[in-house]
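This note sets out some remarks on the ligand site and on one set of paired strands. Please read the points with the structure at hand.

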Amino acid sequence: MPVPLPRSMSAASAHNHCQVVPLQGVAPLTPWLAPWMRETLAHPQLSRWVEQWGSPLNLHSLAPFAENVGSLQNVAADFGVPLLIQFARKANKCLSFVDESLRLGCGVDVASERELQQTLGAGLPGERIVCTAAIKERSLLNHCAQHGVTVVIDNADELQVAPSVSTPHSLRILLRVSGFQVAGRKLGSRFGIDFEEVVPFAAELLDPASTHLRLEGLHFHMDGYSADERIAAISQSLLLLDELRRRGFAANVLDIGGGFPVNYLESPDQWNTFWAEHTSALLGRRTSLTYRNHGLGLVAGGNKVFGRRNVYPFFQPCTAADWFARILAAPATSHLKGTLADELRQRNIQLRCEPGRALLAGCGMTIARVAHRKHTPNGDVLVGLAMNSSQCRTGSDDFMVDPLLITASNSEAQVAEGYLTGSYCTEAEVILLRKLRFDPLPQPGDLVAFPNTAGYCMHFRECQAHQFPLAANLIVDGDQQPTLDRIDVRA
Ligand SMILES: Cc1ncc(COP(=O)(O)O)c(C=O)c1O
């Protein structure tokens, strides 16, 4: 559960007494913090861990992962819908979450051959693994067939490189569907087989009697977080499954992908205020809230602002579980009569999903050491961190959650505004694009914590430019010493 952040918390560091204070944006976006995050930020050994493992350091807790899985499983159980949750591990590379998926009876969604090898190596049975790799080469498909892993097929060419009939293994497949009609509009995608083409595709290229390629059902994954789009897509997929069954295919699985929403912030008001103020700044009506007045997807023209926010919607009004329940309770569209849960149950369809971000909500924090401060001629202060921008980034233009400062209590009570900068050599290298208020001013050796980074922020863009080492990943559950995740343990 979200825990409000006090103005400051005390932390006895290994060397001296520290306090934890919010590092607010000039327009604040206050994070919610899981209980373990508050405890860890105040942990007496935190600076020692950063000394030992390097900066930045990724810290993880597995407890919220189990809670997140449980909350989705409870929703499905309440509706009487059989559900297999398959953790999309592209969102975080740590093997501890794969181990936890195994322990919790979940599956895993893999996006590459290496992810597959590691997941099988962790003991996940092949039948609980789904491969959704965007590019599927022969060796990956062979590997899937060998281990009974389900493959999501995107196009006819993939069937050409599927294991040949002479191999003893059959390949379990789901067809990925795209091009659903929602509110009179077709949703385009670079993935999948167009809705209209799915049945002709199956009729032409697959054989219901084949033991070589076994069509087990359908899959989709949608961009964005719209429940209404999922309701339309599930309804339309049910019609396709009906038709495939009429044609003799077993087709008893529907995999609805990921995209379950995550809320990172305490207040919708702060989120709305940020965008109102940012719009004013882009129109030149107030000082900038972002580095070099970065638009975050918006551009000013005349007296107006155009474009779309190119960031994750960091404030979300509902939990993943509520969102999921709303979908299952919704009346099906496309001339079906019952709720989606009714329609799934009546057909004996196994529902599968592939949440990444939503299972990792509350599971991680990134901690970096302050290296230097620089006062610029325009009055901004740049606080240099021992990390680079790839270590807290997703496809979103910015990570729009205020960090926290763990600072020696005798630090200078000087107040300033400015940015967190990183270790790449470019002028654009800021860790966060949003302008922050430094109160007090961080000192070299202080720590900055970025909360809730486990979903995509840590690993999705991380890279070793300049030969910087990758951040270490620790699991910090319980009172024991933190342990290094196996992904970082070299044999
Ligand atoms: C096919 C597929 N499944 C699942 C996911 C996970 O999505 P999310 O982390 O938003 O739940 C993705 C993300 O890109 C995806 O491409």
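1. For what follows, a pocket is an open set of grid points with protein on both sides within 12 Å along at least five of seven lines, computed over the protein atoms alone. In this predicted model, the largest pocket is the space that the ligand takes.

2. Which residues come nearest to the ligand? They are Gly259, Glu354, Gly356, Arg357 and Tyr456, out of 13 residues around the ligand. By class, this shell comprises 5 charged, 5 polar and 3 nonpolar residues.

3. A polar atom in the side chain of Glu354 is 2.6 Å from a ligand nitrogen atom, and an N or O atom in the side chain of Asp109 lies 3.4 Å from a nitrogen atom of the ligand. Gly356 contributes a polar backbone atom, 3.0 Å from an oxygen atom of the ligand. The protein buries 85% of the 390 Å² that the ligand exposes when taken alone.

4. Turning to the strands, strand 17 (residues 364–375) pairs antiparallel with strand 3 (residues 57–60) over 4 bridges; Leu59 has Met365 as its bridge partner. Strand 17 also runs antiparallel to strand 22 (residues 447–451), with 5 bridges between them, and here Arg369 is partnered by Leu447.

5. Strand 18 (residues 381–385) is likewise antiparallel to strand 17 and joined to it by 5 bridges, with His372 and Gly384 as bridge partners. The hairpin of these two strands has 5 residues between them, and Gly379 in this hairpin adopts a positive phi near 100°.

Methods. Residues are numbered from 1 along each chain as its sequence is written. This is a predicted model: local features need pLDDT of at least 70, side-chain atom pairs count only at pLDDT 80 or more; totals for chains, interfaces and linings use all residues. Side-chain values use heavy atoms; hydrogens and water are left out. A residue is near a molecule or strand if one of its heavy atoms lies within 4 Å of it. A polar contact is a pair of N or O atoms within 3.5 Å; within protein, one must be able to donate a hydrogen and the other to accept it, and residues adjacent in sequence count only if both atoms are side-chain atoms. Accessible areas come from the Shrake-Rupley method with a 1.4 Å probe; for residues, only the protein chains shown count as cover. On a 1 Å grid over the protein atoms alone, a cavity is a set of points where a 1.4 Å probe fits but cannot get out, and a pocket is an open set with protein on both sides within 12 Å along at least five of seven lines; lining residues have an atom within 4 Å of a point. A molecule sits in a cavity or pocket if more than half of its atoms lie within 2 Å of its grid points. Ala, Val, Leu, Ile, Met, Phe, Trp, Tyr, Cys and Pro count as nonpolar, Asp, Glu, Lys and Arg as charged, and the others, Gly among them, as polar. Two strands pair if DSSP finds at least two bridges between them.
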